[in-house]
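Biologist: Please walk me through this chain. Keep it quick.

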Amino acid sequence: MSAAPRTARGNRTRAKLLEAAEAVFASVGYHDASIVKITEAAGVGLGTFYLYFDGKQTIFDEVVEDLNRRVRHAMTDAARNAPNRMEAERAGFRAFFRFTAQHPALYRIIRQAEFVSPGALRLHYTRIVNGYIEGLKAAQSSGEVRDMEPTVAAWALMGIGELIGMRWVLWDEEGAPPVEGARPEVPEAVFEEMMQFIERGLAPDSATTTTPPRKGRCHDPDSQPGNPPHDESGGARRNTPHCHLGPG
């Protein structure tokens, strides 16, 4: 268990430890991380750590929970004033991709949680999905989305965002050196192609039969069999897809 600080200074110290732990777990992984590395990164003494956390597992779970709270807050805030469900989807996905670009540790730490703390992993995804389900139910009641099982739809939509973000935010360009710090956001053409797919899947039945979808095509060089990692000049091939989006 972790102890709640009783003073403002204690809150600041605890926040520094969480921030340092996030950086350490993201950079070296759970198994190579140590409490000493975390306290050194936070600039506090080793004994101070145990005023707030029982050990490495405890602070890891707290980091997962903290990241989860922050990303949910970012998505909720972005979608709060959207005029309808489709615009809320757009705003929420943009906020998610922006957050992951600014905090790539989210992906790295959640991936570790699968093996280090399965309970924390399950809690992370379940909290996001539960909010999603309620939003889809409300949109169904108002006729903004088709009749579907909201739990299945919520997990499917979260999976789309997770993998699109991993591919175009987290991964470096093939052959290029790793980039530290903030990541690039999802390319606009990719985002629009993803949203067209989602909007067609969520649209009420009447909308799907009367409104033809915009045509869009994305070609991802990395997904083509036998495609070399370098272009003709010998430079690293960019992993940004070539997309055509537009009417007709």
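**Patches, pairs and packing**

Modeller: A nonpolar surface patch of about 270 Å² is formed by Val-36, Leu-46 and Tyr-50. Patch residues have over 30% relative accessible area and no salt bridge; like charges are joined within 9 Å, nonpolar side chains (Val, Leu, Ile, Met, Phe, Trp, Tyr) within 5 Å. Areas come from the Shrake-Rupley method with a 1.4 Å probe, and for residues only the protein chains shown count as cover. The model is predicted: local features need pLDDT of at least 70, side-chain atom pairs count only at pLDDT 80 or more, and totals for chains, interfaces and linings use all residues. Residues are numbered from 1 along each chain as its sequence is written, and side-chain values use heavy atoms, with hydrogens and water left out.

Biologist: Is Leu-46 buried, partly exposed or exposed?

Modeller: Leu-46 lies in helix H3, residues 46–49. Helices (H or I, at least four residues) and strands (E, at least two) are DSSP runs, numbered from the N terminus. Buried means under 20% relative accessible area, exposed over 50%, partly exposed in between (1.4 Å probe, protein chains only). Leu-46 has 42% relative accessibility, so the class is partly exposed.

Biologist: Which residue meets Glu-62 in a salt bridge?

Modeller: Side chains of opposite charge can pair when their charged atoms come close. A salt bridge is a side-chain nitrogen of Lys or Arg within 4 Å of a carboxyl oxygen of Asp or Glu. Here the N to O distance is 3.1 Å, and the partner of Glu-62 is Arg-14.

Biologist: How many residues apart are Glu-62 and Arg-14?

Modeller: Glu-62 is buried at 18% relative accessibility. Arg-14 is buried too, with a relative accessible area of 15%. The pair links distant parts of the chain, Glu-62 in helix H4 and Arg-14 in helix H1 (residues 8–28), and the separation is 48 residues.

Biologist: Where is Arg-146, the salt-bridge partner of Asp-205?

Modeller: The closest N and O atoms of Asp-205 and Arg-146 are 2.5 Å apart. Asp-205 sits in helix H10 (residues 205–210), and Arg-146 is in the loop between helix H7 (118–141) and H8.
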